Structures are given as C-alpha cells and as structure tokens.
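Me: I would like to learn how to read a protein structure with some care, taking one feature at a time. Could we go through one together?

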2 protein chains.
Amino acid sequence: MTLENLFTPRSLAVVGSASPGKLGAVLIRAVLDGGFAGPVYAVNPKSQGVDSVPGYPSIEAIGQPVDLAVIASPAGSVVDVLEDCGKAGTRAAVVITSGFGETGNHAGEAALLETARRHGIRMVGPNCAGIANTHHRLFPTLEWHPPQGEVALVTQSGALGGVVLAWAAEQGLGISKFISYGNGADLGQEELLHYLSGDPQTRVVALYIESVRNGRSFMEALSACAAQKPVVVIKAGRTDAGRRATASHTGSMAGSDAVYEAAIRECGAVRARSVEEMLDLCRAFTTTCLPRGRRVAVVTNSGGPGVLAADQAAELGLEVPEPSLALKERLREFLSANCSLRNPIDLTVEGTPDGFRKALAAMLEEEYDAAIAINVATPYLDSVGLARGVAGGTAASGKPCLASFLPPQLSREPEQLLKQSGIPNYASGERAAAALAHLAAYSEAQRQPAAVSPGKYRESAPAERADRLFGGRRALLEPEAMEWLKSEGIPVPPFALAASPEEAAQAAARIGFPVVMKVVSPDILHKSDQGGVILNIRGEKAARAAFEKIRAAAAGKDFRGAILYPMVKAGREVLVGMTGDPQFGPVVAFGLGGIYTEIWRDVALRVAPVTAAEAHEMIRSLRSFPLLAGARGGRRSDLDALAEMLARFSQLPLEFPEVGEIDLNPVFVFEKGLAVGDARVIRRAD
Amino acid sequence: MTLENLFTPRSLAVVGSASPGKLGAVLIRAVLDGGFAGPVYAVNPKSQGVDSVPGYPSIEAIGQPVDLAVIASPAGSVVDVLEDCGKAGTRAAVVITSGFGETGNHAGEAALLETARRHGIRMVGPNCAGIANTHHRLFPTLEWHPPQGEVALVTQSGALGGVVLAWAAEQGLGISKFISYGNGADLGQEELLHYLSGDPQTRVVALYIESVRNGRSFMEALSACAAQKPVVVIKAGRTDAGRRATASHTGSMAGSDAVYEAAIRECGAVRARSVEEMLDLCRAFTTTCLPRGRRVAVVTNSGGPGVLAADQAAELGLEVPEPSLALKERLREFLSANCSLRNPIDLTVEGTPDGFRKALAAMLEEEYDAAIAINVATPYLDSVGLARGVAGGTAASGKPCLASFLPPQLSREPEQLLKQSGIPNYASGERAAAALAHLAAYSEAQRQPAAVSPGKYRESAPAERADRLFGGRRALLEPEAMEWLKSEGIPVPPFALAASPEEAAQAAARIGFPVVMKVVSPDILHKSDQGGVILNIRGEKAARAAFEKIRAAAAGKDFRGAILYPMVKAGREVLVGMTGDPQFGPVVAFGLGGIYTEIWRDVALRVAPVTAAEAHEMIRSLRSFPLLAGARGGRRSDLDALAEMLARFSQLPLEFPEVGEIDLNPVFVFEKGLAVGDARVIRRAD
C-alpha cells in the first residue's frame with residue numbers, strides 16, 4: 001500500500017479559518033514550526049493567509065499541485081472541501097473536524113467517505129488530532145512534536161496520542177509516524193497496520209484502541225504486522241466502567257476484554273496496561289536486542305534497588321539464579337570481599353567502572369541471557385564512568401542489558417551514553433525488569449512457528465450461512481447434537497434414542513449395562529433438576545422403569561423420548577464451549593468447569609480456529625492445568641486427544657456458520673481418549 | 001521517647017578525615033550546604049578544618065557542648081570516638097562508617113552498642129547513609145537534600161533512601177525527617193516508628209525494610225504508629241531471588257513474604273510494591289483527605305485517558321457507577337450535548353474551567369465519594385484556568401480529588417495550583433486511580449475497630465515454655481491431641497481409644513454406629529496409605545474385625561491401639577493450621593485444603609492471635625469464600641462457629657509455647673457447628 005501523498009507530501013493546504021487563534025491558523029503555525037520543506041497554503045472563504053503562507057478561497061484556486069489537504073473547516077463544509085480536493089487533484093486528506101459518526105451524524109460521515117472514494121482520496125479522520133511524519137518534518141497536528149525516531153504511534157484517541165507524544169518527547173523516545181485516525185471512516189487500524197508493517201522508518205508500532213469494527217480483519221492486520229516488527233497494544237475498556245466510557249465516546253461498543261486479550265496474544269502482539277508501560281516497552285524494543293532465554297543477571301552498586309529489581313523480575317517470570325561456583329570464583333578475582341556474588345551482584349557503593357564492565361561481561365558470557373545494571377548515584381560518584389563500564393561490559397555479549405541509573409537529576413548524561421550503546425535506561429530497576437520480562441516473552445513467541453497463516457481468521461460470508469442443521473428451530477435435541485458431533489469427528493460415546501420402555505430396554509442391552517438415561521425434550525433445559533436423568537441402570541427391567549419415570553417427569557412437556565449412554569468410567573470432567581463475539585465471531589472456551597470456571601474464572605479463550613499446537617498451549621495456560629497433568633495422585637488426562645478435539649471443534653463454527661453457541665459440558669477426558677458427556681447446540685441469532 | 005539531641009541538635013561535630021574528597025569533608029560540606037544554624041566542628045587526628053569549620057583532635061578538645069556526633073572515621077576507631085563522645089557529654093551519634101555486622105564483624109558492632117549504652121548515647125547506624133531533619137535544616141547525609149514537608153522516611157537501605165529523596169525532590173514531595181538506620185545496632189525500625197508516631201512535623205511515615213529481627217515487637221511498633229498516621233511500607237525480598245539478595249547484603253534472612261504481607265496488613269499499614277507507588281501514596285496522604293466510600297467520579301476533557309483511569313479504578317476495586325438520572329439532568333443543564341455523562345464525565349476538548357468546576361461540584365455533592373480530574377493540555381489550552389476550575393469544584397465538598405494534568409511539559413504551574421488546593425497531581429490517570437484505591441482501603445480499615453491492642457503480639461518468654469504436653473516426645477498421638485484440643489475449647493467429635501477388639505466393639509457401640517476406626521501409632525504418619533483407617537463400621541462384629549485388621553496393618557510398628565469416631569455427616573472440609581515463623585512466631589493458616597491450597601494457593605495467614613472479628617475477615621479474604629458461603633447450591637457453612645474456633649485456636653500457641661506446629665486437617669464445618677476430623681500437634685524444635 002502506498003500512502004505517499006499522506007505521509008510525504010510535497011505541498012499541503014490547511015483548510016479552515018486562518019484568523020488568529022482559530023484552528024486553521026494554529027495548524028498552519030504547527031506545520032511551519034515543524035519545519036515542513038514544501039509550499040504551504042491557507043484555504044478559507046476570506047482567502048486569509050498566515051505570515052508567509054498565502055491564502056486562497058479554494059484548493060483549486062491555488063493553481064499549483066497540492067498533495068495533502070488538512071481540513072479543519074466546519075463539519076457542514078467538509079464534503080465540499082473534498083469535492084474541491086477532487087477537482088484540484090489532491091489525493092490525501094486529514095480531516096480534523098469533528099461532528100460526524102461520534103455524535104451520531106452517520107449520514108455526514110458516509111457522505112465524506114463516498115466523496116473521498118469517488119475522487120480516489122485517501123482520508124484520515126474525521127474527528128482526529130492529525131498526523132505526523134518526523135522523517136519528513138510533517139506536523140499537521142495540534143499535538144506535541146516528538147523527536148525523530150523509530151516508533152510509529154497509531155491511536156484511536158487523539159488526546160491519548162497527545163499524551164504519548166509529549167511523554168515521548170520528555171523521555172527522548174523517537175517517533176517515526178503519528179496517526180490519530182479518529183473515526184477511521186477511510187483509513188482505520190487495519191490499513192495503517194498493513195502500511196506500517198512495510199514502513200522502513202518504523203521499527204516498532206504502538207497502537208492505542210478502544211474498539212474494533214471487525215475483529216477478524218483486525219487480527220489479520222495485527223498478526224501480519226506483528227510478524228514483521230513488535231506491535232505494542234493498549235486496548236482500553238478492560239472493565240465495565242471503561243467499556244461504558246468507550247461506548248460513550250467512540251459510539252461503538254467494545255466486546256469482552258477477555259476476547260481482546262486472547263486475540264492480541266494470538267496475533268503475537270504485546271499488550272501494555274498503561275501508557276507508561278507502552279513507552280517503556282517501545283524504548284526497550286527500539287534500543288536493545290531480544291534475550292534468548294529468561295536468566296537475568298542483576299549487577300548493582302546498591303543493595304535495596306537491586307533487591308527490588310530482582311523481586312520484580314522473579315515475580316514476572318524471569319529467572320534470577322545464582323552464578324555457578326566457577327563463575328563466582330571468576331568474579332571473586334576482581335571483586336572485593338564485600339561484594340555479594342549471589343545475584344544480584346552487589347558491587348556496593350565502591351563499585352567502579354571496571355567492576356561493572358568485568359562483572360557484566362563475565363555474567364553475560366555464558367550463564368545469563370540478559371542483564372539489568374543499576375547505579376544509584378550521589379553527587380560524589382562518577383556516573384558517566386560507570387555508564388561507560390556498563391556499556392563496555394555488555395558490548396561484546398550480543399545480549400540485552402537494561403539499566404536503571406538513578407536519580408534522574410544525576411543521570412541525564414549517563415542515560416545518553418547508555419542509549420547510544422543500545423542500553424535503555426529506566427526510572428527504576430522494577431520498570432527495567434518489567435520491560436525485560438516482556439522482551440523475553442516476545443522473544444519466545446517469535447521463536448515458535450507462526451500460529452497465524454494468511455486467511456486463518458477469515459469468516460464465512462453471510463450467504464454461506466445456510467441452515468443445514470436446525471430446520472428453523474432454535475436448538476438441536478441432544479441426540480441430534482450427538483449425531484452431528486460424531487459425524488464431524490468429535491468423539492462421542494455410543495448412544496441410542498428410545499421412544500418407548502421396550503425400546504429403552506433393548507437399547508440399554510445393546511449398549512451394555514450399566515447405562516444412563518436422559519430425557520429428550522425441547523422444553524427441558526435443566527434435565528437433572530427436573531428428574532430427567534437416571535444413572536446406573538443395571539438391567540432391562542430397570543431400564544423400562546427408568547423410561548416410565550422419565551416420561552412421567554416430562555408430563556405436559558414436548559416429550560421426544562429418552563437418550564441412553566453407557567455409564568462412563570472415571571474421567572476428568574472438562575468444559576469445551578463456543579460462543580459468538582460481536583467483534584471477533586466464534587470464540588472457543590476451554591476449562592475445568594464447575595467451581596474452576598465460576599469461582600476461579602480459570603478459562604482459556606481463543607478466537608477460532610486453533611491448531612492442535614495452539615490448543616496444547618491453551619490447555620497449559622490454565623492455572624488448573626496440574627489437575628489435568630495428574631497432580632495430587634490423580635491420573636494424567638489424554639492431552640493429545642484433548643488438543644486434537646479442541647482443534648477440530650474450533651473448525652465447526654466456521655464450517656457451520658449457522659451455529660451460534662455450543663456447550664460440551666462435561667467432556668470426560670480419560671487416560672486414553674475422551675468422550676462428550678452432554679451437548680447443547682444453539683442456532684445463531686441473526 | 002525524646003531524640004532531641006539527634007534530630008534538633010544545637011551543635012554538631014563531624015568525625016573523620018577532612019581532607020578534600022574524604023567522607024568527613026563531604027559530610028561537612030553537606031551540613032553547611034543544608035544551612036545548619038548551630039556551630040559545626042571537624043574532628044580528626046590532624047585537627048584539620050574545612051572552610052569556616054574549625055578542626056580539633058577530639059570532641060572533648062572542642063571545649064564546647066556538642067549535641068550530635070556524625071562519625072565517618074575508620075571502623076577500628078569508632079569505639080574510641082564513642083568514648084570521646086561520652087567524655088565530652090555528647091549524647092547522640094550517627095555512625096556512617098561500615099564494616100560491622102553487615103560484613104560479619106558482630107563483635108565490633110556489639111562493642112559499639114556497649115560503649116553507646118554505657119554513656120547513654122543514642123546511636124543511628126553503623127553502616128548508614130545519615131539522617132536529615134528538614135525542619136531543623138539538619139543534613140548530615142550524603143544523600144539528596146529534599147524539600148521540607150510532612151513525610152518521614154525510615155530506610156534499611158541507604159541507597160534506596162537516596163533514590164527516594166531524589167525522587168521526592170524531583171516531584172516536590174516534602175520530607176520531614178530522613179533516617180537511614182543501617183544495621184540498627186541501637187535505634188532500629190521499632191524505636192523510630194514509636195518516635196515518629198508522636199512527631200508533630202510528620203504526617204505520613206514511609207518505611208523501607210528488608211528484614212526485621214523480632215516480628216512481634218515490629219508489629220507492636222508498626223500498629224502503634226499506624227494508629228496515629230498512615231504508614232507506607234516497602235518490604236523488599238518478596239521472592240526467593242529478592243530474599244537471597246537481602247540475606248546477602250543485610251546479613252539477616254527475611255522470612256516468608258506471605259507472613260510479612262499478613263503482618264503489615266494486620267497492623268493497619270499500607271504496603272507499596274515499588275518506590276513509585278510509595279511516593280504516589282505519600283503524596284496522596286499528605287495532600288488530600290480520605291474518601292468515605294468507593295464511588296469515584298472521573299471528570300475529564302479527553303476520552304482515552306478518562307477510559308484508562310476508569311479501567312484502572314474498576315480493576316482495583318473502586319466503583320465507577322453512572323450518575324442517577326436526576327444528576328444527569330443537572331449536568332445537562334450546563335454541559336453541551338457532546339459531553340458524555342455516563343462517568344467518566346467527558347467534557348471534551350471544549351471543557352472550560354467552569355465546566356470542570358460545576359461538574360465536579362455536582363458529582364461530589366452527593367453521589368460520589370471522590371473524584372479524579374483529568375486534563376490533557378495542548379499548548380493552546382488554558383490549563384491553569386482548568387486547574388482553578390478543578391480546585392473550585394472540589395473545595396466545598398470536603399471530599400478527595402486526585403488529578404492528572406498532562407503532559408508534564410505543560411503542567412508545572414497547574415500542578416502547583418492544584419497542590420495548594422489539596423489536590424495531588426499524577427503522571428497518569430491510572431496512577432491517580434491506584435493511589436485513590438489505597439486511600440479508600442486505608443479509610444475503610446481506619447473505620448473498623450482497632451484490631452491491635454497493646455501487648456497483643458507480645459510472645460511468651462522462653463522460660464515459660466515448660467513442656468506440659470509432650471513429655472519429651474516429638475508429637476502427640478491422635479487421642480492425646482484430641483483430648484488436648486477438647487480441653488482447650490476446640491470442638492472435637494466424640495472419640496474413644498480401644499486397645500483390644502473387645503474394647504473396640506464396646507466403644508463403637510457407645511459412640512453409636514456407623515463409626516470410623518484409625519490406627520494409633522507414633523510410627524505411622526500416613527494412616528490411610530498404610531491401611532490404618534477403616535470407614536463406615538456398622539456393628540460390633542465389624543468393629544472387632546476392623547480392630548484386627550488395623551492391628552495387622554501396624555505389625556512391626558509401635559502399636560498403641562485404635563481411635564474411634566462416629567462417621568461424620570456431610571460437611572465442608574477446611575484446613576486450620578499453625579506454624580512458627582522465624583521472625584513472627586506463631587502464624588495461623590486457614591483455607592479449604594486440597595487443591596485449593598496446593599494449586600490455587602488460596603490460604604489466609606495471620607500472625608497469632610486473631611480476634612473473632614479478624615477471623616471473620618480472614619475467612620472472607622479467601623477467593624474460595626463463595627464455597628463456604630453456599631455457592632453452587634451448596635450449603636452455607638457455620639461461619640460464626642468457624643470464626644470463634646479460629647480465634648480460640650490462635651490463642652493456643654501463645655498459651656502453650658512448647659507447641660511448634662498444629663495441623664487440623666480436615667476440619668468439618670456443618671450448617672450448624674464444626675468438628676476437627678484429624679489433628680497433628682508437634683513440639684517446638686528449639
């Protein structure tokens with residue numbers, strides 16, 4: 001995709017009132033202050049200019065090629081301005097003006113899009129805070145001008161973008177491109193991600209979103225971009241309160257946060273929980289390299305901050321092991337007896353540049369995958385020298401080192417020196433450890449075979465949603481559900497449907513005693529509660545009696561008979577489910593059911609489909625996984641069979657788009673194999 | 001306690017080399033730079049002075065009263081310096097010098113303490129970074145000089161203290177006193193907490209610790225101080241890696257973090273996880289007031305940051321409810337149609353000072369307990385005016401408001417204005433929300449009746465640990481344990497000991513069938529595994545047979561007979577335990593046992609004793625509490641009986657200090673009452 005006119009225009013016009021203090025004037029000032037190299041024009045009814053920028057009544061009237069129009073004129077005029085662009089041959093527009101979809105004016109927004117499309121104009125906005133391309137000195141935005149660098153920021157919230165840019169400037173984090181896409185009428189998250197994945201000036205993409213329209217095309221774009229470069233995502237609206245707020249201010253309802261969490265993870269992107277964390281991660285990704293493992297060396301000249309960094313690292317899943325005896329002996333050769341060598345390596349306040357250099361080099365040579373270097377300065381310490389020591393000790397290793405040189409008042413110069421040596425500096429050792437934990441997780445994910453193949457998440461078109469299963473009804477009866485699952489390759493136990501006591505007795509004998517009998521009726525949802533389930537039936541006579549009892553329990557209901565199964569041998573009960581998410585379509589759920597789900601909320605979600613490898617990962621991600629693996633003297637469940645079944649199951653909603661919800665609960669998992677114990681299959685509502 | 005000579009000396013001497021660049025010279029410079037009002041003397045063998053500060057060979061030689069000695073002379077000389085203090089009448093000393101207990105030189109440290117005690121000298125250190133009293137312009141420290149204020153910082157790590165002071169200076173957080181107590185040979189955490197609890201210049205105490213010597217006297221001091229003013233605690237060494245590090249650099253092993261967590265909570269102190277969080281909390285406690293509830297209004301002029309703040313607030317247990325219809329109508333009267341009123345109240349970028357003022361006033365008038373005000377500035381916004389609006393809207397409410405005025409580059413002036421109005425400003429709305437969540441939790445704890453009465457945590461002296469229970473043996477037999485528990489008021493089921501088949505039959509008949517029979521032998525720990533437990537015995541003949549079987553199972557072991565109980569009716573199984581912590585002594589554990597303990601690690605710990613009210617809180621703190629409360633159609637357990645039992649149980653280790661460990665597992669809790677199902681009681685090892 002090429003967005004040349006948008007990001008590297010040779011000339012631009014700002015459309016909107018150029019009177020002092022008005023938006024048009026402010027934007028022109030921002031463009032000039034940013035040092036844009038090409039001609040700039042002001043366009044407004046009064047043909048008013050600003051300083052050296054000449055004013056015209058329309059873009060067409062300029063009589064020169066204008067690559068980009070930055071539009072801040074009143075909402076009612078924007079369609080006309082786009083028409084003007086069309087006539088003048090301008091093919092890119094940034095529409096700052098608000099008052100469209102976000103305030104309910106969907107017709108107005110549709111008209112913008114139609115006009116832009118008709119003229120081949122690519123449009124950012126409306127209702128946005130502008131864009132920036134630091135490498136082109138292009139700043140048509142009201143927000144802070146950040147330093148040039150390698151992080152592209154794409155944001156649904158203009159104000160949030162402004163905050164990030166200001167913080168980036170404060171921290172010296174370089175930005176390549178900034179796009180506040182506002183309502184995203186034309187260019188949205190997906191296209192921008194595709195574009196940035198191929199942008200050579202962007203090494204890391206930072207994305208702030210509150211909602212997506214189509215979860216699956218979002219996943220296609222996100223996974224394609226994440227395959228090229230790290231993508232750090234803030235997804236706001238994690239809680240009900242946050243979701244209510246995003247619904248208010250973007251006019252679109254965000255879906256379940258758990259599904260977003262699963263989707264972002266599946267795509268190989270990194271989720272940040274706050275702006276601070278996003279910036280910390282972007283700094284790590286652009287400054288240092290990825291660790292090949294989780295073993296961290298903490299080298300410090302002060303105890304307390306070293307302890308806090310080690311605590312944080314260990315809590316976030318990094319390993320902080322002691323050095324081997326051999327390595328300790330090597331360290332002891334050049335470190336004084338006061339220095340602790342148990343990792344953290346505490347050089348004490350006597351720590352020298354040479355001490356840092358040698359200690360880091362020795363630790364990183366073999367036994368550790370990454371380092372955190374901590375220096376607490378006083379005005380009496382040579383922090384620049386210590387920074388040189390840290391840089392020197394890391395240089396040859398090819399491994400990442402993150403630093404925390406403190407306090408900020410004494411660390412400006414060492415911070416610059418560290419940065420030039422590929423070592424990001426953090427406000428605390430804890431934050432360095434948190435950033436490193438993300439690097440390690442990202443590195444691990446990168447080394448796994450790509451989970452996402454092109455088209456994996458493509459959903460079937462509505463036209464394909466023929467109703468092959470339900471015959472217009474809302475749900476399948478249990479025998480129908482079992483028959484369907486069986487034909488689709490999901491392991492179900494032998495079963496039979498009986499319509500009379502005699503049929504029940506014969507079926508039970510055929511299946512083999514003992515058997516279970518369950519009522520079949522579209523009217524009865526909670527079969528056990530209503531006397532519709534009889535266990536452990538041990539003979540033909542008992543089977544006849546059981547059928548009578550079940551028929552009696554269904555008196556007055558639409559009774560279709562009884563379904564019979566063999567009594568199942570002891571197996572671990574799990575839950576396998578599928579529901580449709582409004583943004584992401586079919587989502588697969590797996591857990592241990594019962595209290596594990598209800599009290600511990602220990603459920604793994606993935607956007608369908610999943611491969612068997614992903615299903616394995618999904619199973620292992622449960623906190624209750626030890627129970628499946630045979631903890632507490634229990635038997636190990638057949639995890640391979642379970643993973644295969646989950647993978648096959650996850651295909652069903654894509655092959656049968658008419659299905660809206662499936663609940664297999666329980667599924668019995670044995671030491672060898674598994675079997676569905678009960679099944680609810682419900683039609684899609686739309 | 002009075003520490004006048006230490007914190008408000010009229011004169012001081014710095015003992016140590018005054019040659020340029022040496023510690024003594026640096027300390028004198030720091031004292032002078034700090035603006036100390038009284039006479040300052042240099043003491044060193046060369047009688048060398050620094051600038052206007054005269055040099056003497058000893059304190060005695062000064063011939064003038066010296067209130068405080070700041071000692072940085074070599075380790076080997078410090079005892080002599082303290083003798084000199086004694087002769088000169090100096091009664092306070094800060095010993096910066098290291099090389100004592102922390103390097104294994106315990107004899108040297110003992111000599112310091114003995115000398116100080118003999119002369120009535122109160123001593124800080126050795127191995128410390130000094131002290132400060134900003135209100136006395138006293139800065140005998142190498143660390144950053146912070147602005148004057150109301151937070152006292154007490155720290156075990158000097159370097160960490162330096163970081164906190166530097167950050168406090170950077171953030172404009174005022175400090176009252178700073179004490180780096182180093183090895184704490186004389187003045188340690190406990191005495192300093194007692195002193196600061198009565199210090200009128202200190203409104204909040206910030207405490208950094210890595211270990212405590214005596215957990216119970218620490219709890220006495222911490223709870224006494226926390227009853228007077230907020231205490232914010234960082235306890236480092238949360239993980240194994242961190243603990244190894246603290247052990248390395250303080251020479252003392254920290255105990256289980258879970259016990260520290262419980263102890264800090266029981267004392268009513270607030271635990272921070274990082275220095276940033278500690279500073280954020282200190283700022284909140286010193287600037288604003290406490291909320292009376294958890295309902296938060298978020299008022300913002302930009303959507304994204306508002307959503308992130310609402311998300312964080314909700315995730316941390318605050319409530320972010322929508323305003324009532326009536327309140328929305330009131331808001332609509334003065335807010336434009338573009339503003340979202342669903343909380344966050346989004347004033348949009350058009351938000352005015354008046355909009356902030358009126359919206360905050362309306363929200364705080366009745367329906368909300370606290371507010372978070374967010375302003376994302378651009379250079380084109382009047383942030384000072386908006387800050388005035390926020391201050392005006394909060395003023396009359398008497399309720400707390402926390403702000404996030406962003407970005408930092410544009411928020412220095414509004415931040416000052418907000419601070420003067422009692423509104424702390426944070427680097428992000430998320431951090432404001434996190435600080436507010438702590439304020440709310442602290443406020444709730446303050447409104448509960450005090451859990452800690454003086455002397456509550458005092459442990460019995462070793463002399464009282466007569467062995468009344470064990471007769472020299474390692475553990476009680478089950479019948480002995482049951483007898484003891486019964487006599488101490490813990491509900492146990494009826495039971496009987498039988499030594500022969502006939503006794504077993506008679507005892508079973510007396511108890512009433514069905515009964516359970518269990519082997520009694522000091523050699524058999526896992527009774528079930530070794531055939532030592534027979535359930536559901538339903539007659540005298542069966543009882544005789546069961547006894548024979550159990551006797552056979554114990555063949556070759558020290559067989560003492562069988563214990564009989566009635567078969568217990570269905571009850572929820574829980575675990576009640578007690579172990580001795582090296583720092584805190586007896587600690588009580590409560591949980592649901594089995595997988596809840598092993599996989600979910602869902603156990604509540606409290607330092608013994610606990611009151612029934614605390615036991616209730618302990619029970620409710622379990623994530624699996626819904627199971628006890630009757631979730632999933634289960635029966636509600638008798639929580640009152642359980643809380644009473646826990647309270648009584650928690651007294652036992654204090655009344656019987658010879659007991660080292662008790663395991664009641666399971667305890668059966670019924671709808672009415674409870675009964676111990678099995679008991680292990682083990683003697684204290686020392």
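Predicted model: local features only at pLDDT ≥ 70, side-chain atom pairs only at ≥ 80, totals over all residues.

Me: Which domains does the assignment give for chain A?

Reply: The domain assignment divides chain A into domain 1 (1–129), domain 2 (143–287), domain 3 (289–446), domain 4 (494–566) and domain 5 (572–683). Between the C-alpha centres of domain 1 and domain 5 of chain A the distance is 52 Å.

Me: How should I read a sheet, and what is the strand order in the open sheet of 6 strands in chain A?

Reply: In general, the strands of a sheet are paired by backbone hydrogen bonds, in either a parallel or an antiparallel way. Here the order in chain A is β7-β9-β8-β10-β11-β12, and the pairing is mixed. The edges are taken by β7 (130–133) and β12 (270–271) of chain A, each of which has a single partner strand, so one side of each has no neighbour in the sheet. Helix α8 (residues 215–228) of chain A packs on this sheet, where it touches β10 (204–209) and β11 (231–235) of chain A, and its direction makes about 145° with that of β11(A).

Me: In which sense do β8 and β9 of chain A pair?

Reply: Strand β8 (residues 148–155) and strand β9 (residues 175–180) of chain A pair in the parallel sense, over 5 bridges, and A:Q148 stands opposite A:I175 in β9(A).

How values were computed
Residues numbered from 1 in each chain as written. Chains lettered and ligands numbered in written order. Heavy atoms only, no water. Domains from an automatic or database assignment. Pairing = 2+ DSSP bridges. Helix = DSSP H or I, 4+ residues; strand = E, 2+ residues; numbered from the N terminus. Contact = heavy atoms within 4.5 Å. Axes fitted to C-alpha atoms, helices over the stretch in contact; angles between N-to-C directions.
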